[in-house]
Amino acid sequence: MTEERWVWGAGLATIADDGTVLDTWFPSPATGRIPLGYDPKLPPDELDRLAVPDARRAVEIEIVTLEVDLTAAPTSTSDAYLRLHALSHRLAQPNTVNLDGIFGHLPNVAWTNAGPVHPDALTRLRPFLAREGIQVQGLDKFPRLLDYVTPPGVRIADASRVRLGAYLSPGTTVMHEGFVNFNAGTLGQSMVEGRISQGVVVGDGSDIGGGASIMGTLSGGGTHKVSVGARTLLGANAGIGISLGDDCIVEAGLYITAGTKVVLVDEPRRADGSPTTAKGGDLSGRDGLLFRRNSLTGAVEAVRRAGVGVTLNEALHA
C-alpha cells in the first residue's frame, strides 16, 4: 500500500454529553501517514486553544489525530470526516475513496451557526441557544462544505447547496440553485446551475444548466457512475441517467435515461423505412452528440456534432 492512498490529519472533534461524536474538523489534512516524530499528545497551539467545552451546545471539543487507509471502509465518525475533508481539500478525486457504510458513521446532527448540536438535546437547549442568537440551519448527517473547507479559486453562491465531501476544481462557479453532493464535483472550470448528485463528476469547461439534474447512485439501486465530459452542456431543466462524453449537448427540458429510445438521425434507415434507434444506455459516454426532441414527432433524437462544444464565459470563472 503506497502512502498516497493514506491521509492523515489533526483536528477537533465535537462530542455530545452522551459521548456521540457529532463531527470532526481537520483544518489541514495531508496525504501519507502520520509523520515520524509527530506526537499527538503535543498538538498544534492553534488547535489546543480551541479544544474547550461549549456549554451553550452541551458539547466538549477534543483534539484527535488520525490516519486512514482510503482503500478500506470507514471505521468511525472522525474517520468518515477525514475522508470527506480529503475530497474537499482535493487530496483525492470522487470515486477514489472507499466510503462503504459511511452513513452508519455519520450521526444525524442539528447544525447551527455556532456548530453541531445533538438532536436529542435541541428541545432542552433551544431557549438558551435563542438567547445567544444561535439558529438551527438544518437537521442532517452531512454539513455544509464552507463550514469546514474554503476551496481556493471557487465561487459558491449559497453555502447550503454544497455538502462537505464535494470536490470543486479551481474556476468552478456554483450558482444559487446549483447543488453538489459529497463524493461528486468538477474536474476543471465548470458552471453549475443544476444538481450534481453523489458519485457524479463533471469535466473541464462544462455547463450544468439551471434546474438540470444528473442521476446519482444513492437512490433507485443504480450502480452506473454517471460522468459528464469536457465542454459539454446540459440544458436548463434537462436531466441524464447516462454519461455524456466530450462536446455534447442535451437540449433544455429533455431527460435521458438508460432506457430512453433514441432515434439516430445520422444512421441510415432500416429496410422497412423505419429509423435506426438505440437505447440511451448504448450511447452513454459517446463524444460529440446533440440530444434533442423532435418538435413534430416528439421522438428523442441524437445527432452527431462537429467541432468543440460550449465555451464558458471566462469572466464568470476568474
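This is a predicted model: local features need pLDDT of at least 70, side-chain atom pairs count only at pLDDT 80 or more; totals for chains, interfaces and linings use all residues.
Let me start with strand β9, which is joined to strand β12, residues 184-186, by two bridges, the two strands running parallel; strands here are DSSP runs of E with at least two residues, helices are runs of H or I with at least four, and both are numbered from the N terminus. Two strands are said to pair if DSSP finds at least two bridges between them. Within this pairing, A166 stands opposite A184 of β12. Residues are numbered from 1 along each chain as its sequence is written, and side-chain values use heavy atoms, with hydrogens and water left out.

The β9 and β12 strands belong to an open sheet of four strands, in the order β9-β12-β15-β18, with parallel pairing. At its edges are β9, residues 166-167, and β18, residues 227-228, each of which pairs on one side only.

Now look at strand β23, residues 261-264, which has pairings with two other strands in the lines of the chain that follow it: three bridges join β23 to β24, residues 277-279, in an antiparallel arrangement, and three bridges join β23 to β26, residues 300-304, in a parallel one. V263 takes part in both, with T277 as its bridge partner in β24 and E301 as its bridge partner in β26.

Next, the aromatic residues. A search of the whole structure finds five aromatic pairs, where rings of Phe, Tyr and Trp (its six-membered ring) pair if their centres lie within 6.5 Å, and planes under 30 degrees apart count as stacked, over 60 as edge-to-face and the rest as tilted. One of them is F103 with F182, whose ring centres are 5.9 Å apart and whose planes meet at 80°, so this pair is edge-to-face. Because F103 lies in the loop between α2 and β5 and F182 in the loop between β11 and β12, the pair ties together parts that are 79 residues apart in sequence. F182 is buried, at 2% relative accessibility, whereas F103 is partly exposed, at 36%; buried means under 20% relative accessible area, exposed over 50%, and partly exposed in between, with a 1.4 Å probe and protein chains only. F182 also pairs with F142, and here the centres are 4.4 Å apart and the planes at 20°, so the rings are stacked. F142 is buried as well, at 4%, and F103, F142 and F182 form one aromatic cluster.

H85 is buried, with a relative accessible area of 0%, and a polar atom of its side chain lies 3.2 Å from the backbone nitrogen of F26.

Finally, two loop residues deserve a look. Most residues other than glycine have a negative phi. N237, in the loop between β19 and β20, has a positive phi near 60°, and D247, in the loop between β20 and β21, likewise has a positive phi near 60°. N237 is exposed, at 56%, whereas D247 is buried, at 11%.

How values were computed: A polar contact is a pair of N or O atoms within 3.5 Å; within protein, one must be able to donate a hydrogen and the other to accept it, and residues adjacent in sequence count only if both atoms are side-chain atoms.
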